[in-house]
Amino acid sequence: MNWDDLRVVPAIAEIGSIRGAAERLGVSHVTVSRHLRELEQALGARLFDRSSDGYTLTAAGEDICSVSLRVQEEMAGLSRRIMGRE
């Protein structure tokens, strides 16, 4: 599992679509789809229910989304600490 795969989950969850998440992340919708597919394959679990209304987190998706948000916070904090030293 890699960070690029993880970071798409909160974006999709918040916006409810691959295209919207792609815009938010500044990448193509194909890239977001690929990261989601690779993450679901690596975990062996479906992270979103897909419907005409959009993407909704499954229970596994909620767990991954929560972890991903904590990782984002930690990475931002790490960057601030490191930059503050120089």
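**Entry 1: what I am looking at.** I am working from a predicted model, so I keep that in mind throughout.

**Entry 2: the core.** I started with the largest nonpolar core, which has 15 residues. I looked up which members touch the most other members, and they are Val9, Ile12, Val32, Leu36 and Leu47. Helices H2 (8–15), H3 (18–25), H4 (29–43) and H5 each give two or more residues to this core. The largest share comes from H2, with four residues.

**Entry 3: helix H2.** Next I checked burial along H2 and found Val8, Val9, Pro10, Ala11 and Ile12 buried. What do the buried residues of H2 pack against? I noted helix H1 (3–6), H3, H4, strand E1 (48–51), E2 and H5. Just after H2 I came to Gly16, which takes a positive phi of about 90 degrees.

**Entry 4: Val32.** I went back to Val32, one of the core residues that touch the most other members. I left aside its neighbours within four places in sequence and listed its contacts: Val8, Ile12, Ile18, Ala21, Ala22, Leu25 and Val27. Two of these names, Val8 and Ile12, were already in my notes as buried residues of H2.

**Entry 5: Ile18.** Ile18 sits in helix H3. Is Ile18 buried or exposed? I put Ile18 down as buried because its relative accessibility is 10%, and the cut-off for buried is under 20%. With neighbours within four places in sequence left out, Ile18 is in contact with Ile12, His29, Val32, Ser33, Leu36 and Tyr55. I also took a distance from here: the C-alpha atoms of Ile18 and Asp63 are separated by 19 Å, and these residues are 45 apart along the chain.

**Entry 6: the aromatic pair.** Tyr55 on that contact list sent me looking for aromatic pairs, and the structure holds one. Phe48 and Tyr55 form it, in an edge-to-face arrangement with 5.8 Å centre to centre and 70 degrees between the planes. I call it edge-to-face because the angle of 70 degrees is over the cut-off of 60. Phe48 is buried, with a relative accessible area of 0%, whereas Tyr55 is partly exposed at 24%.

**Entry 7: Thr58.** Where is Thr58 found? I located Thr58 in the loop between strand E2 (54–57) and helix H5 (59–85). Thr58 counts as buried, with 11% relative accessibility. Leaving aside its neighbours within four places in sequence, I found Thr58 in contact with Arg46, Leu47, Phe48 and Asp49. Phe48 here is also a partner in the aromatic pair, and Leu47 is among the core residues that touch the most other members.

Entry 8: Met75, Leu78 and Ile82 make a nonpolar surface patch of about 250 Å². Ile82 belongs to helix H5, and its 36% relative accessibility makes it partly exposed.

**Entry 9: Val30.** My last stop was Val30, in helix H4. Val30 is exposed, so its relative accessible area of 51% has to be over the 50% cut-off, and it is. From Val30 to Glu40, ten residues on in sequence, I noted 15 Å between C-alpha atoms.

Conventions. Residues numbered from 1 in each chain as written. Predicted model: local features only at pLDDT ≥ 70, side-chain atom pairs only at ≥ 80, totals over all residues. Heavy atoms only, no water. Phe/Tyr/Trp six-rings, centres within 6.5 Å; stacked < 30°, edge-to-face > 60°. Buried < 20%, exposed > 50% of the residue type's maximum accessible area, 1.4 Å probe, protein only. Contact = heavy atoms within 4.5 Å. Patch = residues over 30% accessible without salt bridge, like charges linked within 9 Å, V, L, I, M, F, W, Y side chains within 5 Å. Areas by Shrake-Rupley, 256 points an atom, 1.4 Å probe, with all protein chains shown as cover. Salt bridge = Lys/Arg side-chain N within 4 Å of Asp/Glu carboxyl O. Core = buried A, V, L, I, M, F, W, Y, C linked by side-chain atoms within 4.5 Å.
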